[in-house]
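Take a look at the chain below.

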Amino acid sequence: MALLPILTAPDPRLKKKSKPVETVDAEIVRLMDDMLETMYAAPGIGLAAPQVGVLKRVIVLDIEREDVKTGPLFMANPEIVEASDEDATYEEGCLSVPDHYSDVARPTHVRVRFLDREGKTQEMTCDGLLATCVQHEIDHLDGVLFIDHISSLKRNMILRKLLKARKDAEREAEDDKPAVPKSSKAKAKAAAEAI
Ligand SMILES: [Zn+2]
């Protein structure tokens with residue numbers, strides 16, 4: 001297994017639509033395993049293939065909450081086949097939008113159909129955090145980020161901050177002098193889950 005670099009917004013690859021997987025072969029299984037390892041190391045609770053620059057419809061998830069413990073879930077070609085009318089709001093984060101969080105409303109329950117790590121068709125009913133996470137990851141496969149669900153004012157502010165942080169990091173990397181200590185602000189919410 002290998003750790004894969006995670007792309008961050010604004011990266012044009014995060015806005016592309018991913019292609020369906022034809023068969024869950026050894027290459028896809030290796031991608032799933034590498035993605036899971038990358039997600040755990042980040043750490044995060046969900047990761048979609050385009051976040052590691054692979055435009056294929058593959059996601060991995062692992063939710064652990066008081067009452068919900070899924071263990072690792074591997075999904076190729078996941079699709080929502082049923083969604084509740086009722087919405088729930090959850091404060092979302094994303095490994096591709098580091099250090100920013102925002103409330104997003106999505107259907108409370110969804111039923112998802114997918115190919116598992118063995119290539120078998122499965123269906124699963126998801127609610128709570130798992131429902132949010134599955135919908136967030138499927139969005140990635142369609143080039144949609146959680147910040148696309150919030151106001152353009154807030155989205156543009158986040159994107160500007162991410163660009164500035166990237167430029168600052170590049171400048172520090174080029175500089176021979178030791179890096180300037182980072183403000184503690186950026187890490188203040190790092191403990192929250194990123195999907
Ligand atoms: Zn995400």
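Leaving aside residues up to four places away in sequence, Ala48 touches Ile59, Glu137, His140 and Leu141. Touching here means contact: two C-beta atoms, placed from the backbone, lie within 7 Å. This is a predicted model, in which local features need pLDDT of at least 70 and side-chain atom pairs count only at pLDDT 80 or more, while totals for chains, interfaces and linings use all residues. Residues are numbered from 1 along each chain as its sequence is written.

Ala48 and His140 are 92 residues apart in sequence, yet their C-alpha atoms are separated by 6.3 Å. Is Ala48 buried or exposed? Ala48 is buried, because 30 other C-beta atoms lie within 10 Å. The cut-offs are these: a residue is buried with 20 or more other C-beta atoms within 10 Å of its own, exposed with 12 or fewer, and partly exposed in between, with C-beta atoms placed from the backbone.

Ala48 belongs to strand β1, residues 46–48. Strands (E, at least two residues) and helices (H or I, at least four) are DSSP runs, numbered from the N terminus. Now find the sheet. Five strands form an open sheet, in the order β1-β2-β5-β8-β9, with antiparallel pairing. Two strands pair if DSSP finds at least two bridges between them. At the edges are β1 and β9 (121–127), each pairing on one side only. Inside the sheet, five bridges join β5 (residues 73–83) to β8 (residues 109–115). There, Glu82 stands opposite Arg111 of β8.

Helix α1 (residues 26–41) packs on this sheet and touches β1, β2 (58–61) and β5.

Which residues of α1 are buried? They are Ile28, Leu31, Met32, Met35, Thr38 and Met39. These residues lie on the same side of α1, because they cover an arc of only 130 degrees around the axis. The arc is taken from the directions from helix axis to C-beta atoms. An α-helix has 3.6 residues a turn, so residues three or four places apart point the same way. The buried residues of α1 pack against β1, β2 and β5. On the other side of α1, Ala26, Arg30 and Ala41 are exposed.

Definitions and conventions. Axes fitted to C-alpha atoms, helices over the stretch in contact; angles between N-to-C directions.
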